[in-house]
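Dear colleague,

I am passing on the structure we spoke of, together with some notes on what was found in it. Please read them with the model open beside you.

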Amino acid sequence: MSRRTRLARRPSQRPQGTDAAIVGFMGTHQPPSRREALAALGAAGASLVAPRICAGQSYGTMAIRPQDARVAVQPLGPFDTALYDQIATSLAGELSVNVQRESSIDLPRSAYYARNRRYRAERLLDFLRRRVASPVNRILGVTEVDISTSAHGVYDWGVLGLGDLPGPACVISMFRCRRNARNAAQVHFRMVTTCVHEVGHTLGLDHCRDVRCLMTDARGTVRTIDQSSGRLCNRCRTRLGLAPRPA
Ligand SMILES: [Zn+2]
Ligand SMILES: [Zn+2]
């Protein structure tokens with residue numbers, strides 16, 4: 001299976017069924033990775049926030065209608081029950097998908113990257129995809145631990161999440177939702193909005209130009225998520241075959 005990393009392109013330029021979306025915010029790297037990251041960015045004063053990128057992973061055309069989607073919400077390791085409920089409720093409310101609640105399971109040791117003491121997101125996706133079995137056809141992994149993948153020429157780049165675009169699996173971490181957050185409510189808003197965003201990608205939704213829409217491109221800063229309404233715009237609802245909301 002081909003795997004590549006490239007800068008995100010406009011939806012019109014993106015071939016269907018070949019991408020995994022990375023929600024990227026560069027985190028607390030261990031010193032070697034930090035140096036590599038800055039070198040890759042080409043400037044000592046480079047922003048600590050990474051632009052969103054896409055990493056290829058081919059699953060053919062896997063866009064599906066929300067009513068045909070059954071999304072397993074799978075906590076990986078300990079996870080807050082109230083937040084878990086909020087994520088499941090928002091997925092059903094915003095995307096009209098069927099949600100299946102799973103009990104927490106241990107993080108796979110195969111995904112652990114000891115050097116930076118965090119988990120590799122693409123290995124978590126491999127792990128999660130193997131858990132997809134009828135009637136479930138989508139799986140959302142949620143975790144408290146820091147996750148990373150290869151991006152910008154850096155082997156181990158901390159990310160908020162990684163997901164198939166479209167395809168069966170996505171994984172989101174709470175770790176980067178906490179950065180510079182005003183309060184717990186904002187952390188939860190970021191997490192829930194990002195979960196709905198990534199599951200939206202797995203159904204086949206692209207980024208949206210409406211900055212208030214939850215499918216807006218984060219463009220490398222968590223502030224874009226903070227400024228979103230946390231809801232789908234009517235254009236995105238229509239693309240999913242859902243009735244538009246009254247103005
Ligand atoms: Zn996205
Ligand atoms: Zn939209």
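**Notes on the model**

Gln-86 is found in helix α2, and I begin with this residue of what is, please bear in mind, a predicted model. With 16 other C-beta atoms within 10 Å, Gln-86 is partly exposed. Once its neighbours within four places in sequence are set aside, the contacts of Gln-86 are with His-188 and Val-192. Val-192 lies 106 residues away from Gln-86 along the chain, yet the C-alpha atoms of the two are separated by 7.0 Å.

These contacts belong to the packing of two helices, α2 (residues 81-95) and α4 (residues 184-203), which meet at an angle of about 45 degrees with their axes 9 Å apart. The crossing of α2 and α4 is right-handed. On the side of α2 the contact is made by Leu-83, Gln-86, Ile-87, Ser-90, Leu-91, Glu-94 and Leu-95, and on the side of α4 by His-188, Met-191, Val-192, Cys-195, Val-196, Val-199, Gly-200 and Leu-203. Sorted by class, the residues in the contact of α2 with α4 are 10 nonpolar, four polar and one charged.

**The protein as a whole**

The protein contains six helices and 12 strands. Of its 247 residues, 44% are buried. If one takes the contacts in the protein with a separation of 6 or more, 75% of them are accounted for by residues 24 or more positions apart.

**The nonpolar core**

The largest nonpolar core has 50 residues, and those with the most contacts inside it are Val-71, Leu-91, Leu-124, Val-171, Cys-195 and Val-199. Two or more residues of this core come from each of β4 (70-76), α2, α3 (121-129), β8 (138-143), β9 (147-151), β10 (154-159), β12 (169-173) and α4. The element that gives the most to this core is α4, with six residues.

Leu-91, Cys-195 and Val-199 are among the core residues with the most contacts, and Leu-91, Cys-195 and Val-199 also take part in the contact between α2 and α4. Which residues does Val-199 contact, leaving aside its neighbours within four places in sequence? They are Val-71, Leu-91, Leu-95, Val-97, Arg-138, Leu-140 and Cys-170.

Leu-140, one of these partners of Val-199, lies in strand β8. Leu-140 has 27 other C-beta atoms within 10 Å and is therefore buried, the cut-off for a buried residue being 20 or more. Apart from neighbours within four places in sequence, Leu-140 is in contact with Val-71, Val-73, Gln-74, Cys-170, Cys-195, Glu-198 and Val-199. For Leu-140 and Glu-198, which are 58 residues apart in sequence, the distance from C-alpha to C-alpha is 8.4 Å.

**Backbone features to inspect**

There are two cis peptide bonds to look at here. One joins Ser-134 and Pro-135, with omega about 10 degrees, and Pro-135 has its place in the loop between α3 and β8. Another joins Leu-165 and Pro-166, with omega about -10 degrees, and Pro-166 has its place in the loop between β11 (161-165) and β12.

Positive phi values in residues other than glycine also deserve a look. Ser-96 is not a glycine, yet its phi is positive, near 55 degrees; Ser-96 sits in the loop between α2 and β5 (98-101) and is partly exposed, with 17 other C-beta atoms within 10 Å. Asn-180, again not a glycine, has a positive phi of about 50 degrees. The place of Asn-180 is in the loop between β12 and α4, where Asn-180 is exposed, with 8 other C-beta atoms within 10 Å.

**A further loop residue**

With kind regards

Conventions
Residues numbered from 1 in each chain as written. Chains lettered and ligands numbered in written order. Predicted model: local features only at pLDDT ≥ 70, side-chain atom pairs only at ≥ 80, totals over all residues. Axes fitted to C-alpha atoms, helices over the stretch in contact; angles between N-to-C directions. Helix = DSSP H or I, 4+ residues; strand = E, 2+ residues; numbered from the N terminus. Left-handed = near helix turned anticlockwise from the far one by under 90°. Contact = placed C-beta atoms within 7 Å. Nonpolar A, V, L, I, M, F, W, Y, C, P; charged D, E, K, R; others polar. Core = buried A, V, L, I, M, F, W, Y, C linked by C-beta atoms within 7 Å. Buried ≥ 20, exposed ≤ 12 C-beta atoms within 10 Å, placed from the backbone.
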